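Thanks for coming. Please have a look at it first.

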Amino acid sequence: MDVNFPAFAIAVAAELAGMHPQTLRQYDRLGIVSPTRTAGKSRRYSMRNVMQLREVARLSAEGLNLEGIRRILELENQVANLSTRVRELESALADELLTRPGRRVFAAGTEGDVISLRAGTRAQRNTAVVVWRPLSRVQSGATAREITRD
């Protein structure tokens, strides 16, 4: 069973979480645990929602207020989403390495752009040295044009 599938009515979810259904309604209004809604606007809780409700009860028993609990759950959801995205990117990178063996994934170009390179090649770098010689006011009659020709 998928933990995100909204399978439980409010009475069942409340029993699984060890709470009163009115508490679940309050948490929904506050945005602490928000279940999905059916076409008839009734609440449907997933197993993930039930686990969150149990976490809310644990944090509340430890003395955290509801706003702190809401923020903790929000950050946990954000971490879960970012972890999923990292796994997707790692998979895409692994696929890229398998389909193009011996090739770099990317390199930084001279303007900061991303370029793809063949195996054994390097990005060209601008290694020119520029020497700056300030004009001094006391040079004996030399003009700026004559000095820059040196």
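Start with Leu-64, which touches Leu-59, Ile-69 and Ile-72, not counting residues up to four places away in sequence. Contact here means heavy atoms within 4.5 Å. Before going on, the ground rules: this is a predicted model, in which local features need pLDDT of at least 70 and side-chain atom pairs count only at pLDDT 80 or more, while totals for chains, interfaces and linings use all residues. Residues are numbered from 1 along each chain as its sequence is written, and side-chain values use heavy atoms, with hydrogens and water left out.

Leu-64 sits in the loop between helix 3 and helix 4. Helices (H or I, at least four residues) and strands (E, at least two) are DSSP runs, numbered from the N terminus. At 31% relative accessibility, Leu-64 counts as partly exposed, because that class lies between buried, under 20% relative accessible area, and exposed, over 50%, with a 1.4 Å probe and protein chains only.

Asn-65 is in the loop between helix 3 and helix 4. Asn-65 is exposed, at 52% relative accessible area. Its side chain reaches the backbone nitrogen of Gly-68 at 2.7 Å. A polar contact is a pair of N or O atoms within 3.5 Å; within protein, one must be able to donate a hydrogen and the other to accept it, and residues adjacent in sequence count only if both atoms are side-chain atoms.

Now the chain as a whole. The protein chain has 5 helices and 4 strands, and along the sequence the pattern reads α-α-β-β-α-α-β-β-α. Of its 150 residues, 18% count as buried. Among contacts with a separation of 6 or more, 41% are between residues 24 or more positions apart. The chain exposes about 11600 Å², of which carbon and sulfur atoms supply 54%. Those areas come from the Shrake-Rupley method with a 1.4 Å probe; for residues, only the protein chains shown count as cover.

Which residues does Ser-46 contact, leaving aside neighbours within four places in sequence? They are Val-3, Asn-4, Phe-5, Pro-6, Ala-7 and Phe-8. Ser-46 is found in the loop between strand 2 and helix 3, and is buried, with a relative accessible area of 5%.

The backbone nitrogen of Ser-46 also lies 2.9 Å from a polar atom of the Asn-49 side chain. Asn-49 belongs to helix 3, residues 47-61. Asn-49 is buried, at 10% relative accessible area. Beyond four places in sequence, Asn-49 touches Val-33, Ser-34, Pro-35 and Arg-44.

Lys-41 has a positive phi of about 70 degrees although it is not a glycine. Most residues other than glycine have a negative phi. Lys-41 is placed in the loop between strand 1 (36-37) and strand 2 (43-44), and is exposed, with a relative accessible area of 62%.

Last, the largest pocket. Its volume is about 260 Å³. The elements giving two or more residues to its lining are helix 3 and helix 4 (66-99). Helix 4 supplies the largest share, 6 residues. On a 1 Å grid over the protein atoms alone, a pocket is an open set of points where a 1.4 Å probe fits, with protein on both sides within 12 Å along at least five of seven lines; lining residues have an atom within 4 Å of a point. Grid points are joined across faces, edges and corners, and the volume is the space filled by probe spheres set on the points.

The lining is Arg-48, Met-51, Gln-52, Glu-55, Leu-73, Glu-76, Asn-77, Ala-80, Asn-81 and Thr-84. These divide into 3 nonpolar, 4 polar and 3 charged. For the classes, Ala, Val, Leu, Ile, Met, Phe, Trp, Tyr, Cys and Pro count as nonpolar, Asp, Glu, Lys and Arg as charged, and the others, Gly among them, as polar.

Within that lining, a polar contact of 3.3 Å joins the side chains of Gln-52 and Asn-77. Gln-52 is in helix 3. Is Gln-52 buried or exposed? Gln-52 is buried, with a relative accessible area of 14%. Outside four places in sequence, Gln-52 touches Val-33 and Asn-77.
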